[in-house]
Structures are given as structure tokens and as C-alpha cells.
Amino acid sequence: NRNAAAAYMNEALEGIDGLTTIKCPADQLPVWTYFPILIDEAKFGMSRDAVMAALERRGIMTRKYYEACHLRTEYAAERVSLPVTERVAAQVIALPVYSDMTGSECDRIASAVREIRSTGA
């Protein structure tokens with residue numbers, strides 16, 4: 001059911017300017033613990049954190065997913081530049097996906113994202 005929910009979300013979120021869904025390789029079938037999307041602030045019109053706050057106001061809980069761990073203080077002595085990692089970590093939102101998720105719930109999330117994109121709130 002998680003795979004079906006992820007496929008549904010992928011299709012429902014398609015075509016939103018400034019939003020990229022994560023496509024997995026054809027020969028892989030992920031667990032879909034979350035449904036990650038990337039928010040390009042310049043194209044979407046608001047930051048990842050602003051989108052997360054707007055979703056939370058609508059009762060949709062999200063996560064930032066993973067940080068760019070090479071920037072943690074534990075690795076300060078070995079500081080390296082990983083610009084793609086840093087960009088993705090700053091743009092990613094983990095939308096909810098769960099085992100008994102319905103198409104109606106997927107629609108609610110996708111509609112909220114579209115509304116946020118069009119109204120900026």
C-alpha cells in the first residue's frame with residue numbers, strides 16, 4: 001500500500017513549478033517510510049521551512065529528513081565542500097506515507113501543496 005500511496009503522490013504532485021519528487025530507479029522498490037520532495041525556493045516562491053509551516057497549519061506533519069552530516073561540528077576538522085548534498089538537505093521535505101494511507105489522504109496532501117504554491121500561505 002505504501003508503494004501505491006507513493007505512486008499516487010508522485011502523480012498528484014507532478015507539474016508543480018519549484019517542486020521535484022524523488023524518482024527511484026526502475027529496478028528498485030523502496031519501503032517509502034516517507035515521501036521526499038525538494039522545494040526550490042526561487043521557483044516555488046517560498047522556502048522549504050515556510051512550506052513545512054504552511055503544511056503544519058493544515059494539519060499535515062512533515063520532517064526535514066536528513067541534514068548534511070558533513071557540516072556537523074563533529075566533522076569540523078575534516079570540513080569538505082559538498083554543494084549538492086548541502087542543497088538537497090536544505091530543500092528536502094519528507095511528506096507522510098503510511099501503510100493504510102488512502103487516495104483521499106494523498107489528495108489532501110497534494111491539494112495543500114498546490115494551494116500553498118498558488119497562494120504563498
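T62 touches M52, L55, I93, A94 and L95, leaving out residues up to four places away in sequence; contact here means heavy atoms within 4.5 Å. You will find T62 in the loop between α3 and α4 (83-91). Helices (H or I, at least four residues) and strands (E, at least two) are DSSP runs, numbered from the N terminus. Is T62 buried or exposed? T62 counts as buried because its relative accessibility is 19%, and buried means under 20% relative accessible area, exposed over 50%, and partly exposed in between (1.4 Å probe, protein chains only).

A word on what you are looking at: this is a predicted model, in which local features need pLDDT of at least 70 and side-chain atom pairs count only at pLDDT 80 or more, while totals for chains, interfaces and linings use all residues. Residues are numbered from 1 along each chain as its sequence is written, and side-chain values use heavy atoms, with hydrogens and water left out.

Now let us turn to helix α3. Helix α3 (residues 48-57) packs with helix α5 (residues 103-119) at an angle of about 125°, and their axes are 10 Å apart. Axes are lines fitted to C-alpha atoms, for helices over the stretch in contact, and angles run from 0 to 180 degrees between N-to-C directions. That angle makes α3 oblique to α5: angles under 35 degrees count as roughly parallel, over 145 as roughly antiparallel, 65 to 115 as roughly perpendicular, and the rest as oblique. Which residues of α3 and α5 meet? On the α3 side they are V51, A54 and L55, and on the α5 side A112, V113 and I116. By class, this contact of α3 with α5 has 6 nonpolar, no polar and no charged residues. Here Ala, Val, Leu, Ile, Met, Phe, Trp, Tyr, Cys and Pro count as nonpolar, Asp, Glu, Lys and Arg as charged, and the others, Gly among them, as polar.

Helix α5 has another partner. Helix α1 (residues 2-12) packs with α5 at an angle of about 30°, with their axes 9 Å apart. That makes α1 roughly parallel to α5, and this crossing is right-handed. From α1, the residues A5, Y8, M9 and A12 meet G103, C106, D107, I109, A110 and R114 of α5. The contact of α1 with α5 divides into 7 nonpolar, 1 polar and 2 charged residues. Within α1, A5, A6, M9, N10 and A12 are buried. What covers these buried residues of α1 includes β1 (19-21), β2 (34-39), β3 (92-96) and α5.

Staying with α5, look for R108, which is found in this helix. R108 counts as partly exposed because its relative accessibility is 45%. Leaving aside neighbours within four places in sequence, R108 is in contact with R58, G59 and I60.

Finally, look at the aromatic rings. Rings of Phe, Tyr and Trp (its six-membered ring) pair if their centres lie within 6.5 Å; planes under 30 degrees apart count as stacked, over 60 as edge-to-face and the rest as tilted. The count comes to 3 aromatic pairs. Y65 and Y66 form an edge-to-face pair, 4.6 Å centre to centre with 65° between the planes. Y65 is partly exposed at 31% relative accessible area, whereas Y66 is exposed at 57%. Ring pairs link Y34, Y65 and Y66 into a cluster.

How values were computed
A crossing is left-handed if the near helix is turned anticlockwise from the far one by less than a right angle, and right-handed if clockwise.
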